[in-house]
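Subject: Structure handover

Hello,

Here is the structure I promised to pass on. Please open it alongside this note. My findings follow below.

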Amino acid sequence: MTELLTQGAVWGVLLTGGAFALGTVLQKKTGQVWCNPLLLATLFILLFLRLCEIPYPEYKASAGPVSYLLLPATVSLAVPLYEQWEALRKNAAAILSGIAAGVVVSLAAILALAWVFHLDRASAVSLLPKSVTTAIGVDVSGELGGIPALTTAVIILTGIFGNLSAQAVCKLFRITDAVAKGVGIGSASHAIGTSRALEMGPVEGAMSGLSIAVAGILTALLCPLAVNLLP
Amino acid sequence: MKYIFQFLRILAFCFLGEILHALLPLPIPASIYGLALLLVALKAGVVKLEQVKEVSAFLIAIFPLLFIPGAVGIMDLGEVLARLWLPAVLAISLVTVLVTATAGRVTQAVIRWKEARHD
């Protein structure tokens with residue numbers, strides 16, 4: 001049965017899409033924020049692969065076409081940015097200050113964790129770029145001696161956490177401005193957070209998309225300096 | 001046909017991004033170069049909004065789906081995560097809240113400060 005499945009070409013994409021559809025239906029039915037389709041789909045697939053004893057690399061290869069679309073999807077974020085150009089131009093100084101503050105706090109907080117928990121260098125480096133898009137974070141981690149697979153996992157979990165908590169955090173810290181919400185969400189939880197920001201509104205979504213790019217580049221530039229401060 | 005052309009146009013910018021990534025010695029991935037180039041092309045009028053609109057909206061709408069294969073990779077990290085669970089959980093939860101709040105509050109403060117100065 002398992003062999004029949006893995007010999008075919010489409011099962012990985014079908015499984016991914018099916019699990020995501022199931023997650024979406026469950027979220028609609030329950031209306032719970034934590035019933036996030038990405039989170040649920042990941043859990044369903046983990047369970048499925050364990051039950052059928054299929055190793056991860058086989059699934060990864062078969063689901064390749066899904067991951068392939070990440071590049072054109074990220075490039076597509078230029079479109080909402082273009083549509084919100086006025087809001088961007090008008091608030092450029094505020095947006096850049098916000099993103100820079102977010103990046104510095106992120107790196108400083110991970111350095112603090114590294115000191116408190118006496119993390120070894122590879123683990124600490126893997127956590128440093130956890131708030132940025134996988135495309136940048138994984139490269140940075142690999143280049144500086146981290147574990148790219150660990151960085152991928154932490155980045156995605158950060159995104160899911162950011163996606164789930166965005167609304168509550170904005171409320172708790174009284175962030176009411178649409179531009180500020182988008183910058184906060186995109187700087188902390190990249191594309192996965194951005195999909196929540198897009199649901200909040202077009203300005204939130206566009207600013208969140210912009211923050212992915214700017215926070216990612218700033219992190220890539222500052223990470224080599226932060227590594228020197230590791231214990 | 002319209003959608004095929006839109007998709008090809010977006011792919012062309014991905015390809016340009018990959019070329020820049022290969023040529024320039026900066027720590028910037030192909031996706032960010034591609035995003036910046038497409039934005040410039042839209043602003044310059046080289047690419048019209050209608051020429052990428054539907055397909056880009058579709059790709060952005062399915063964004064969360066695209067992360068699933070990567071997220072499932074967590075199944076091979078059992079040992080590392082067992083050793084690191086507490087700092088990892090703090091990094092994922094506490095630090096994410098801290099960064100969202102800082103970036104959001106600083107942006108909001110500067111916007112309000114500029115508005116107050118203008119009034």
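Chain B is divided into two domains: domain 1 covers 1–66 and domain 2 covers 73–119. Their centres, taken over C-alpha atoms, are separated by 27 Å. Bear in mind that this is a predicted model.

Confidence in chain A

The average pLDDT of chain A is 91, and 99% of the residues score at least 70. Helix H1 of chain A (residues 2–7) has the lowest confidence in the chain, with a mean of 71. Helix H9 of chain A (residues 92–116) has the highest, at 96. Where pLDDT is low, predicted coordinates should not be read in detail.

Where the chains meet

The contact between the chains takes 89 residues from chain A and 63 residues from chain B. On the chain B side, the elements that give two or more residues are H1 (2–23), H2 (30–44), H3 (53–61), H4 (63–66), H5 (68–72), H6 (78–92) and H7 (94–118). H7(B) gives the most, with 17 residues. By type, the chain B side holds 45 nonpolar, 13 polar and 5 charged residues.

The core

The largest nonpolar core has 114 residues. Those that touch the most other members are A:Ala78, A:Ile110, A:Val154, B:Leu38 and B:Ile68. Helix H14 of chain A (residues 202–227) supplies the largest share of this core, 13 residues.

A:Ile99 is in helix H9 of chain A. A:Ile99 counts as buried because it has 28 C-beta neighbours inside 10 Å, and the cut-off for buried is 20 or more. Its contacts, setting aside neighbours within four places in sequence, are A:Val183, A:Ser187, A:Ser211, A:Val214, A:Ala215, A:Leu218 and B:Ala103. A:Ile99 and A:Leu210 are 111 residues apart along the chain, yet their C-alpha atoms are separated by 9.7 Å.

Two helices to look at

Start with H3(B). The buried residues of H3(B) are B:Val55, B:Ser56, B:Leu59 and B:Ile60. They sit on the same side of H3(B), because they cover an arc of only 135° around the axis. What do the buried residues of H3(B) pack against? From chain A, the partners are helix H6 (70–76), helix H7 (78–83) and helix H13 (178–200). From chain B, they are H1 and H4.

Next is helix H11 of chain A (residues 134–143). Here 7 of the 10 residues are buried, so H11(A) is largely enclosed by the rest of the structure. The buried residues are A:Thr134, A:Ala135, A:Ile136, A:Gly137, A:Val138, A:Val140 and A:Ser141. They pack against H6, helix H10 (121–127), H12 and H14 of chain A. They also pack against H2 and H5 of chain B. Just after H11(A), A:Gly145 takes a positive phi of about 95°.

Backbone points to check

Most residues other than glycine have a negative phi. Two residues are worth a look on that score.

A:Arg174 is not a glycine, but has a positive phi of about 50°. A:Arg174 is found in the loop between helix H12 (148–172) and H13 of chain A. Is A:Arg174 buried or exposed? A:Arg174 counts as exposed, because it has 11 C-beta neighbours inside 10 Å and the cut-off for exposed is 12 or fewer.

A:His190 is not a glycine either, and has a positive phi of about 35°. A:His190 lies in helix H13 of chain A. A:His190 is buried, with 32 other C-beta atoms within 10 Å.

Best wishes

Terms used:
Residues are numbered from 1 along each chain as its sequence is written. Chains are lettered from A and ligands numbered from 1 in the order in which they are written. This is a predicted model: local features need pLDDT of at least 70, side-chain atom pairs count only at pLDDT 80 or more; totals for chains, interfaces and linings use all residues. Two residues are in contact if their C-beta atoms, placed from the backbone, lie within 7 Å. Helices (H or I, at least four residues) and strands (E, at least two) are DSSP runs, numbered from the N terminus. Ala, Val, Leu, Ile, Met, Phe, Trp, Tyr, Cys and Pro count as nonpolar, Asp, Glu, Lys and Arg as charged, and the others, Gly among them, as polar. Domain bounds come from an automatic or database domain assignment. pLDDT is the predictor's confidence in each residue, from 0 to 100. A nonpolar core is a set of buried Ala, Val, Leu, Ile, Met, Phe, Trp, Tyr and Cys residues joined through C-beta atoms within 7 Å. The arc is that of the directions from the helix axis to the C-beta atoms.
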